[in-house]
Amino acid sequence: MGSEGLIAGQVQELRRGTVVLACLALLEKPQYGYALLETLTAADVNVDGNTLYPLLRRLEKQGLLTSEWNTDESRPRKFYRVSPAGQRARADLVREWNNLVAAMAVITREDL
């Protein structure tokens, strides 16, 4: 495997856990899956639909999201929103994220 492929795989691993936090943050306002996918992509959090939709279902099963169907339009859409448990989890994850960023800033300083 070339170094580009190796780095791409490592970047994917780094980003994997951030998608949960991004979803919990963005779903304070209800969104359907495709709109969330577009929002994530626009924010340069690249995730495939085949990854996002199962993640949304898992987060809902864990009680971190709620969902409801909107049947007002010709095509029904499932809207997701963060639950109260999801709001608490998001706050904890943001705190952990900030601690991790601070720790990595110290670890990766060039003058160590």
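Colleague: Which elements each supply at least two residues of the lining of the second largest pocket?

Modeller: Helix 2, residues 33-42, and strand 3 do. Keep in mind that this is a predicted model.

Colleague: And which one has the largest share of that lining?

Modeller: Strand 3, with 3 residues.

Colleague: Give me the residues that line the second largest pocket.

Modeller: Tyr32, Gly33, Tyr34, Tyr53, Arg75, Pro76, Arg77, Lys78 and Tyr80.

Colleague: How do they divide by class?

Modeller: The lining of the second largest pocket has 5 nonpolar residues, 1 polar and 3 charged.

Colleague: What volume does the second largest pocket have?

Modeller: About 200 Å³.

Colleague: OK, and the largest pocket, what is its volume?

Modeller: About 240 Å³.

Colleague: Which residues line the largest pocket?

Modeller: Gln12, Arg15, Arg16, Val19, Val20, Asn46, Val47, Asp48, Thr51, Leu55 and Arg58. By class, that lining splits into 4 nonpolar, 3 polar and 4 charged residues.

Colleague: Where does the largest share of it come from?

Modeller: Helix 1, which gives 5 residues. Helix 1 spans 3-26, and helix 3 spans 49-61; each supplies at least two residues of the lining of the largest pocket.

Colleague: How many bridges hold strand 2 and strand 3 as a pair?

Modeller: There are 6 bridges, with strand 2 at residues 65-70 and strand 3 at residues 77-82. Leu65 stands opposite Val82. Ser67 has Tyr80 as its bridge partner.

Colleague: What joins strand 2 to strand 3?

Modeller: A hairpin, through 6 residues.

Colleague: Now the other pair. How many bridges between strand 1 and strand 3?

Modeller: That antiparallel pairing runs over 2 bridges. Gln31 stands opposite Tyr80, and Tyr32 stands opposite Phe79. Tyr80 also partners Ser67. Tyr32 and Tyr80 are both among the residues that line the second largest pocket.

Colleague: Next, the core. How many residues are in the largest nonpolar core?

Modeller: It has 19 residues. Cys23, Leu52, Leu56 and Leu65 have the most contacts inside it. Helix 1, helix 2, helix 3 and strand 3 each supply at least two residues of this core.

Colleague: Which of those gives the most?

Modeller: Helix 1, with 5 residues.

Colleague: Take Leu56. What is it in contact with, leaving aside its neighbours within four places in sequence?

Modeller: Leu56 is in contact with Cys23, Leu27, Gly33, Leu36, Leu65 and Tyr80. Of these, Cys23 and Leu65 are also listed with the most contacts inside the core.

Colleague: Gly33 and Leu36 are in helix 2. Which residues of helix 2 are buried?

Modeller: Gly33, Ala35, Leu36, Leu37 and Leu40.

Colleague: What do the buried residues of helix 2 pack against?

Modeller: Helix 1, strand 1 at 31-32, helix 3 and strand 3.

Colleague: What follows helix 2?

Modeller: Asp44, in the loop between helix 2 and helix 3. Asp44 has a positive phi of about 65°, although it is not a glycine.

Colleague: Asp44: buried, partly exposed or exposed?

Modeller: Partly exposed, because its relative accessibility is 47%.

Colleague: One more loop. Where does Ser83 lie?

Modeller: Ser83 lies between strand 3 and helix 4, which covers 84-107.

Colleague: Is Ser83 buried or exposed?

Modeller: Buried. Its relative accessible area is 5%, and the cut-off for buried is under 20%.

Colleague: What is Ser83 in contact with, leaving aside its neighbours within four places in sequence?

Modeller: Gly63, Leu64, Leu65 and Thr66. Leu65 is the residue that stands opposite Val82 in strand 3.

How values were computed
Residues numbered from 1 in each chain as written. Predicted model: local features only at pLDDT ≥ 70, side-chain atom pairs only at ≥ 80, totals over all residues. Heavy atoms only, no water. Pairing = 2+ DSSP bridges. Helix = DSSP H or I, 4+ residues; strand = E, 2+ residues; numbered from the N terminus. 1 Å grid on protein atoms, 1.4 Å probe; cavity = no way out; pocket = protein on both sides within 12 Å on 5 of 7 lines; lining within 4 Å. Points joined across faces, edges and corners; volume = space filled by probe spheres on them. Nonpolar A, V, L, I, M, F, W, Y, C, P; charged D, E, K, R; others polar. Buried < 20%, exposed > 50% of the residue type's maximum accessible area, 1.4 Å probe, protein only. Contact = heavy atoms within 4.5 Å. Core = buried A, V, L, I, M, F, W, Y, C linked by side-chain atoms within 4.5 Å.
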